[in-house]
Amino acid sequence: MADYQKMWDEVLSIIEKNVTEKTYTETISPAKKVHSFEENCFNIVVPSAFNKSRLEKFFYETILEVISEHLKNPYDVKFILAEEIHNDISPKEVESKPYRRAVKKVYSFNNYVVGNFNRFAYTTSLKVAEQPGIVANPLYIFGGVGLGKTHLMHAIGNYILDSSKDAKVLYIKTEKFIEKFVNSIRNKDKSLFSDSFKDIDILLIDDIQFLSKGEESQLEFFKIFEELHNKNKQIVVTSDRKPNELKNMMDRLTSRFEWGVLVDISVPDYENRIEIVKKKIQAEKIDFKSVNEDVIKYIAKIFSNNVRELESALRRVLFYSTMLNEECTLKLAKESLKSILPEKDIKAVNYKDILENVSSYYKISTDDILSKSRKKYLITPRYISMYLMSELLSLTLKEIGSIFNRDHTSVMHGIKTIKLDLKVDKDLQKAIETLKVFDFNS
Ligand code: ADP
Ligand code: MG
């Protein structure tokens with residue numbers, strides 16, 4: 001039988017060479033013991049949920065790389081908590097949680113991109129997940145639509161379910177809460193409704209702003225809140241606004257929300273958005289090297305308001321590319337997003353923008369580009385402009401020809417020249433790279 005412990009030791013020793021001593025002693029070396037090896041997966045014992053999350057978040061991919069490179073096999077790795085083993089649960093059973101009411105597995109801390117826009121919300125949520133009922137109760141997460149509140153909330157739920165095997169976690173949307181409550185009154189079984197919240201350890205209630213509709217529902221929620229809170233059960237609330245800005249909400253409730261910790265999520269910046277798009281591509285199990293870097297930049301540039309739009313734009317592009325069985329180029333991305341582009345951005349780039357961009361890059365005038373002059377230093381910018389109009393605006397040769405007052409064969413020649421030169425000319429590659437990206441926000 002293969003000596004899996006020895007193999008794992010080898011993996012760790014390689015990682016040790018590539019991280020700082022501090023990281024190694026604090027994060028990596030605690031995961032030294034192989035619990036078992038099943039179905040091509042190392043089950044590794046780790047001392048704490050915190051350690052586990054660090055490993056999963058920051059080192060999972062590195063570990064897999066080291067494994068496949070040095071052990072010559074694409075083994076997986078899973079981290080299990082020492083306490084789970086002492087209770088004699090096999091890692092498989094740990095997977096099947098008895099009380100996972102409506103918590104969505106896909107939303108985890110691991111696939112949550114962190115940046116300045118959400119760092120405080122993220123770290124606080126992680127702390128709450130590590131020590132439910134202790135650090136921030138209630139935790140109140142607020143921010144605009146599609147910015148990751150619900151994701152974070154499920155991440156907390158999943159984390160807790162992963163680290164303590166019999167936690168009772170309930171996720172519920174506020175609309176659902178109201179609906180169930182109203183039905184219970186209609187069916188005269190209100191106590192059944194109230195009882196269903198009694199034995200919960202973690203209550204995740206999403207979009208609390210909708211509770212503004214009914215006074216009775218608010219009262220009922222208030223009672224449930226009080227009861228759970230008195231028992232130190234963790235409550236997490238999300239909302240689209242601060243507690244004091246909630247409309248038609250009982251003061252009793254809003255003041256309870258303010259007892260705990262308020263965290264907000266704002267809008268991700270360009271770099272964050274690039275990272276999010278990349279993360280989503282990874283999640284789609286597509287190698288993001290196969291999605292053109294230009295495409296990633298383009299999507300991140302344009303869909304700047306929220307993460308949900310960013311995600312659906314990406315999905316649309318990937319869908320097109322799969323359907324048409326074509327490479328995911330900028331041209332294809334433009335085509336597929338045409339109909340959902342935010343209004344201002346359709347207008348944002350036209351052929352004049354391209355001429356201006358190119359002329360300022362080469363420090364010549366747009367008239368020079370459009371002129372009939374055959375001076376050498378004008379030819380490259382002219383051809384580049386033609387190329388960009390074709391790539392970015394999907395203009396036809398004829399349309400481009402009419403802009404330059406030339407026939408379509410000279411346009412074709414120009415574009416072809418650029419395409420050929422691009423293969424070998426580093427300066428040209430750099431120029432195109434720069435010129436392709438427009439600042440859509442300005
Ligand atoms: P909200 O509840 O604030 O309206 P969601 O949590 O539903 O937003 O997020 C919308 C989508 O964007 C989800 O698919 C979610 O996974 C994704 N998302 C939001 N923020 C992030 C992030 N920081 N990292 C990765 N994905 C995110
Ligand atoms: Mg939401």
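Visitor: Which residue is the bridge partner of Y171 in β7?

Guide: Keep in mind that this is a predicted model. Y171 has L204 as its bridge partner in β7.

Visitor: On to the nonpolar cores. Which residues touch the most other members in the largest one?

Guide: That core has 103 residues, and the ones touching the most other members are W8, F42, I63, I67, F109, I299 and L388. Helix α19 (residues 376–393) gives the most to this core, 9 residues. Another core lies apart from it, with 26 residues, including I208, F222, I224 and V237.

Visitor: What does I299 touch, leaving out residues up to four places away in sequence?

Guide: With those set aside, I299 is in contact with V277, L310, A313, L314, V317 and L337.

Visitor: Last one, the cysteines. How many disulfides does the structure hold?

Guide: The general idea: a disulfide is a covalent bond linking the sulfur atoms of two cysteines. In this model the count is 0.

Visitor: And is C41 buried or exposed?

Guide: C41 is buried, because its relative accessible area is 9%, under the 20% cut-off. C328 counts as buried too, at 5% relative accessibility.

Terms used
Residues are numbered from 1 along each chain as its sequence is written. Chains are lettered from A and ligands numbered from 1 in the order in which they are written. This is a predicted model: local features need pLDDT of at least 70, side-chain atom pairs count only at pLDDT 80 or more; totals for chains, interfaces and linings use all residues. Side-chain values use heavy atoms; hydrogens and water are left out. Two strands pair if DSSP finds at least two bridges between them. Helices (H or I, at least four residues) and strands (E, at least two) are DSSP runs, numbered from the N terminus. A disulfide is a pair of cysteine sulfur atoms within 2.5 Å. Buried means under 20% relative accessible area, exposed over 50%, partly exposed in between (1.4 Å probe, protein chains only). A nonpolar core is a set of buried Ala, Val, Leu, Ile, Met, Phe, Trp, Tyr and Cys residues joined through side-chain atoms within 4.5 Å. Contact means heavy atoms within 4.5 Å.
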